[in-house]
Amino acid sequence: MNTSPSEKNPAQPLSAGLRFRHAIEQERPLQIVGTINPLAALLAEQAGFRAIYLSGAGVANASHALPDLGITHLEDVVEDARRITAACTLPLLVDIDTGWGTEGSIARSIRELEQIGVAGVHMEDQVSAKRCGHRPGKELVESKEMEARVRAAISARRDSDFVIMARTDAVAVEGLESAIARANAYASAGADMIFAEAIVSAEDYRTFTQNVSVPVLANLTEFGKTPMLSLDLFHDCGIRMVLYPLTAFRAMNEAARIAYETIRRDGNQAAIVDSLQTRDELYTLLHYLDAEKKTLLGRNKP
């Protein structure tokens, strides 16, 4: 198992995976925020986050207006991830659902995402026709099948620091004890970290981390089964990463709804203009004026 940053040639730039591992060491627990597109990634970087996340639900919902039911595929996720890694230097963790099929499909997923600069992935132990982790009716594959998924992912990565995180949905289906057993089996198969989905109390988080041998991520999604615990409490429970997968996306959607309804009702945006990002703020985020100067200089060259 590869749970600590490896030594690298100091003359070489750090890989995304190694930067993600360093972030986990530098901030405990590491806050990881969902970014559905490159602009959101830049806003997260501006806010001071050290790592970002691309949710499978975010790809389905935001890029395709589809529910998160295993409908989107590798190509959809790669396209969104490529745009984010091209625009933002923060290490990106990517949700690859169940790996999209066979062990060969899993290996292809790892190679393509590693190639475009992703820091790591998480893969879950649900059946291929997966459901949202906080919905009823989830079905799991046998532990041995998930272990095979993990081994396929480990074998495919070229950089040993590229993070393979195994997500278990067993707490809601089989109970905490089974989830711990599965997590340790996945770690033994090579998983660097564990994503513990839908845990319902601080006590259960503490029990989980005390009995699992690798770093554990807690998913603090809204409107789900996990309570809104404080960062300090997560730290006390031994959680190494806290994920906020779609908070900004939900906020964007609500803001957009209000904007559209206001414009439709009033005929202009006067009632909401004070709540909007200004042109100058957007230009600053995108380094617009610097780019404009370079463009003008290029035009004026003899």
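Trainee: Where is Pro29 found?

Mentor: Pro29 sits in the loop between helix 1 (16-26) and strand 1 (30-34). Helices (H or I, at least four residues) and strands (E, at least two) are DSSP runs, numbered from the N terminus. A cis peptide bond joins Arg28 and Pro29, with omega at about -5 degrees. Residues are numbered from 1 along each chain as its sequence is written, and side-chain values use heavy atoms, leaving out hydrogens and water. This is a predicted model, where local features need pLDDT of at least 70, side-chain atom pairs count only at pLDDT 80 or more, and totals for chains, interfaces and linings use all residues.

Trainee: What is the mean pLDDT of the protein?

Mentor: pLDDT is the predictor's confidence in each residue, from 0 to 100. Here the mean is 93, and 92% of the residues reach 70 or more. Over residues 1-6, though, pLDDT stays under 50.

Trainee: How many strands are in the barrel?

Mentor: Two strands pair if DSSP finds at least two bridges between them. In this model, 8 strands form a closed barrel in the order 1-2-3-4-5-6-7-8, with parallel pairing. Leu54 has Val94 of strand 3 as its bridge partner.

Trainee: Which strands does helix 8 touch?

Mentor: Helix 8 (residues 176-188) packs on the sheet against strand 5 (163-168) and strand 6 (193-196), and its direction makes about 160 degrees with that of strand 5. Contact means heavy atoms within 4.5 Å. Helix 9 (residues 202-210) also packs on the sheet, touching strand 5, strand 6 and strand 7 (216-219).

Trainee: Where does Asp97 lie?

Mentor: Asp97 is in the loop between strand 3 and helix 5 (103-115). Its phi is near 50 degrees, a positive value in a residue other than glycine.

Trainee: Which helix gives the most to the lining of the largest pocket?

Mentor: Rolling a probe the size of a water molecule over the atoms shows where empty space is left. Helix 11 gives the most to the lining of the largest pocket, with 7 residues. Helix 2 (38-46) and helix 11 (247-266) each supply at least two lining residues.

Note on methods
Axes fitted to C-alpha atoms, helices over the stretch in contact; angles between N-to-C directions.
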